[in-house]
Amino acid sequence: MKTQTLSTLKPQNNFKPLLIHLLEDSEADAKLMELALEEVELSYELKIVKDPEIFVEALDQGAYTLENNSFLSIFMVDLEVPKFSGLELIEKIRNRFAKSE
């Protein structure tokens with residue numbers, strides 16, 4: 001899976017960083033998200049995926065399960081990406097994790 005890591009803040013107090021998966025096709029919007037996250041004092045790693053098909057493929061292959069990365073994860077999805085509905089992707093994420101429970 002091709003991802004771009006925009007920011008990583010070092011973990012504090014032996015906590016693992018929060019892993020944020022962002023599906024965003026606009027570099028400007030991704031940069032705005034990065035700047036907003038820098039305002040919050042927390043340990044995080046921001047992974048950017050621009051192509052929803054790559055994101056879904058990785059999701060289907062289990063790339064975002066806690067067993068694979070041992071981080072807590074947050075998914076942030078652009079609702080208007082080319083070739084895909086962001087709402088459809090949110091439903092796929094829900095279904096993926098409902099199966100793993």
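User: How many of the six residues of strand β3 are buried?
Analyst: The model is a predicted one, in which local features need pLDDT of at least 70 and side-chain atom pairs count only at pLDDT 80 or more, while totals for chains, interfaces and linings use all residues. Residues are numbered from 1 along each chain as its sequence is written, and side-chain values use heavy atoms, with hydrogens and water left out. Buried means under 20% relative accessible area, exposed over 50%, and partly exposed in between, with a 1.4 Å probe and protein chains only. Strand β3 is mostly covered, and the number of its six residues that are buried is five.

User: Is Glu45 buried or exposed?
Analyst: Glu45 belongs to strand β3, which spans residues 44-49. Strands are DSSP runs of E with at least two residues, helices are runs of H or I with at least four, and both are numbered from the N terminus. Because its relative accessible area is 15%, Glu45 is classed as buried.

User: With the side chain of which residue does the side chain of Glu45 make a polar contact?
Analyst: A polar contact is a pair of N or O atoms within 3.5 Å; within protein, one must be able to donate a hydrogen and the other to accept it, and residues adjacent in sequence count only if both atoms are side-chain atoms. At 3.0 Å, the side chain of Glu45 meets this criterion with the side chain of Lys47.

User: How many bridges join β2 to β3?
Analyst: Two strands pair if DSSP finds at least two bridges between them. Leu18 has Tyr44 as its bridge partner in β3, and Leu22 stands opposite Ile48. The strands β2 and β3 run parallel, and the bridges that join them number six.

User: What is the handedness of the β-α-β crossover from β2 to β3?
Analyst: Strand β2 covers residues 18-23, and five of its six residues are buried. From β2 the chain passes through helix α1 (residues 27-38) to reach β3. A crossover is right-handed if, with the strands pointing away from the viewer, the path from the first strand over the helix to the second runs clockwise.

User: Which residue in β4 stands opposite Leu23?
Analyst: Strand β4 comprises residues 73-77, runs parallel to β2 and is joined to it by five bridges. Within this pairing, the residue of β4 opposite Leu23 is Val77.

User: How far apart in space are Leu19 and Ser73, C-alpha to C-alpha?
Analyst: Leu19 lies in strand β2 and counts as buried because its relative accessibility is 5%. Although 54 residues separate Leu19 from Ser73 in sequence, their C-alpha atoms are apart by 4.7 Å.

User: Leaving aside neighbours within four places in sequence, with which residues is Val56 in contact?
Analyst: Val56 sits in helix α2 (residues 52-60) and is buried, with a relative accessible area of 9%. Contact means heavy atoms within 4.5 Å. Lys92 is 36 residues away along the chain, yet its C-alpha atom is 7.9 Å from that of Val56. Beyond its neighbours in sequence, Val56 is in contact with Phe84, Leu89 and Lys92.

User: Is Leu87 buried or exposed?
Analyst: Leu87 is part of helix α4 (residues 86-100). The C-alpha atoms of Leu87 and Val77 are separated by 8.4 Å. Because the relative accessible area of Leu87 is 59%, this residue is exposed.

User: What percentage of the 101 residues of the chain count as buried?
Analyst: The chain contains four helices and six strands, in the order β-β-α-β-α-α-β-β-β-α. Contacts between residues 24 or more positions apart make up 76% of those with a separation of 6 or more. Of the 101 residues, the share that counts as buried is 35%.

User: Which element of the chain has the lowest mean pLDDT?
Analyst: The pLDDT is the predictor's confidence in each residue, from 0 to 100, and the chain averages 75, with 72% of the residues scoring at least 70. Over residues 1-11 the pLDDT is below 50, although this stretch has 34 contacts in the model beyond near neighbours in sequence. Where pLDDT is low, the predicted coordinates should not be read in detail. Helix α1 has the highest mean, 91, and the element with the lowest, 47, is strand β1.
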